[in-house]
Amino acid sequence: MTTVADAPAGGLTDTQRQVMELAREFAREHIEPHAAEWDRTKEFPRPVLDELGKLGFLGMTVPERYDGMGFDSVTYLLALEEIAAADAGIAVSIGIQNAIPATMLLRHGSEAQRERWLKPLARGELLVGFALFEPDAGSDPAGMHAQAVRDGDGWVLNGAKAWATNGGTADLMMVMVRTDTPGARRGAKGISTFIVPTDTPGYRPGKPEDKMGLRASNTAAVALEDLRLPADALLGEEGMGFVYSMEGLEAGRLGIAAQAVGIARRALELSVAYCAERRQFDRPLRDFQGVQFKLADMATRIAAARALAHAAAACKDRGEPVREQASMAKLFASETAMWVTTQAVQLFGGYGYMRDFPVEKLFRDAKVTEIYEGTSEIQRIVIARGLYRA
Ligand SMILES: Cc1cc2nc3c(=O)[nH]c(=O)nc-3n(C[C@H](O)[C@H](O)[C@H](O)COP(=O)(O)OP(=O)(O)OC[C@H]3O[C@@H](n4cnc5c(N)ncnc54)[C@H](O)[C@@H]3O)c2cc1C
């Protein structure tokens, strides 16, 4: 059954509708029934990711010539929303893979790198992550310290990365490190991107973080200890890693917006059902106008967040720059998810505060969408800068 909270199927192409329905069916059958358990145990369900890979969901936006599905960005967001509605922890793994490493390899990889890494990524045979941020360099990643130095034809990497999604479970990581020299720092222009198979000696992930939410997702610090890489591990041009990261984050932020919409939509669906069942003062909660207004505002904000994200995705597919649009979509959708899940907990009353009821998990899962891939404050900085750009 579709509701007013769902994406309006009428405006979708056949492919978009079919992919959305496939993602919804898979999510409801294979993800949603286990989400509470994964949340409790912090289990990262790799077999589910492998299944999603076989269906093409790990290479949705990669062109077919590189073994991907070649979907447009709106299709990708529709699928991600469905997965996130079932479990946001699974959605973030898919989102990272599709957005950041895939974009980097596609745009800047050599043909040999695309053959070797992008094709298996797109086929879902490799789980890939992205390590930019460091313990002391979060909102200002250009202040990073991890360093690569030349060693004959290759490189040796040392340093520490913080909270990498899939850090302990990925097969491959795109790692940003400095390639300028300590005596001649070049800020953002001194950062390069390396393709790092995680079985390389010196790649040392920490134990999975014990997070507030998104607990089915593996998040781990990664130490780089005398990690030796061949020359062909460098992606694109030396010194361009920061630029590649920002490009990847543009696509990534659209994915986070879809993830936030999925979380918020699920909270609304559960609230609508609960308010029809729960009775106080001899009538269901939904009969009270104060409750109806809350539900109406939740539905309206979700529709607005989805529309903003889809509009930005459509711009991206037309080849238009979407830096500010992606930030607006992420900012609005993540704050919507936090607001909607807060209302949902309130509508459930004391039950909303209990682990036995799913809105509590959605509330915890929503929070991180305001933090990662740039906090809400950083999105506002990006948007405001755009207002002054000539
Ligand atoms: C679950 C999870 C998964 C993650 N996955 C990844 C990943 O896969 N790869 C990766 O590289 N990183 C990842 N991260 C890191 C994440 O992107 C950073 O945590 C985030 O960018 C914020 O950096 P920080 O935590 O260092 O906060 P800080 O930069 O220390 O910010 C602290 C506070 O100060 C505010 N602030 C900072 N600068 C300004 C300013 N100029 N103006 C106003 N306010 C400001 C921030 O908005 C925030 O409220 C992940 C983080 C989490 C929690």
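A cavity here is a set of points on a 1 Å grid over the protein atoms alone where a 1.4 Å probe fits but cannot get out, and lining residues have an atom within 4 Å of a point. The elements giving two or more residues to the lining of this largest cavity are α1 (14-41), α3 (73-86) and α6 (241-277). I noted that α1 supplies the largest share, four residues. The lining divides into three nonpolar, no polar and seven charged residues, including Arg24, Glu82 and Arg265.

I recorded that the model is predicted, with local features needing pLDDT of at least 70, side-chain atom pairs counting only at pLDDT 80 or more, and totals for chains, interfaces and linings using all residues. Residues are numbered from 1 along each chain as its sequence is written, and side-chain values use heavy atoms, with hydrogens and water left out.

I then turned to the second largest cavity, whose volume is about 40 Å³. In its lining, α4 (88-108) and α6 each supply at least two residues, and α4 gives the most, with four. I counted five nonpolar, three polar and one charged residue there; the charged class takes in Asp, Glu, Lys and Arg, and Gly is among the polar. Glu373 is one of the lining residues.

Last, I checked Met328 in helix α8 (residues 323-347). Met328 has a relative accessible area of 35%, so it counts as partly exposed, between buried (under 20%) and exposed (over 50%), with a 1.4 Å probe and protein chains only.

Definitions and conventions:
On a 1 Å grid over the protein atoms alone, a cavity is a set of points where a 1.4 Å probe fits but cannot get out, and a pocket is an open set with protein on both sides within 12 Å along at least five of seven lines; lining residues have an atom within 4 Å of a point. Grid points are joined across faces, edges and corners, and a volume is the space filled by probe spheres set on the points.
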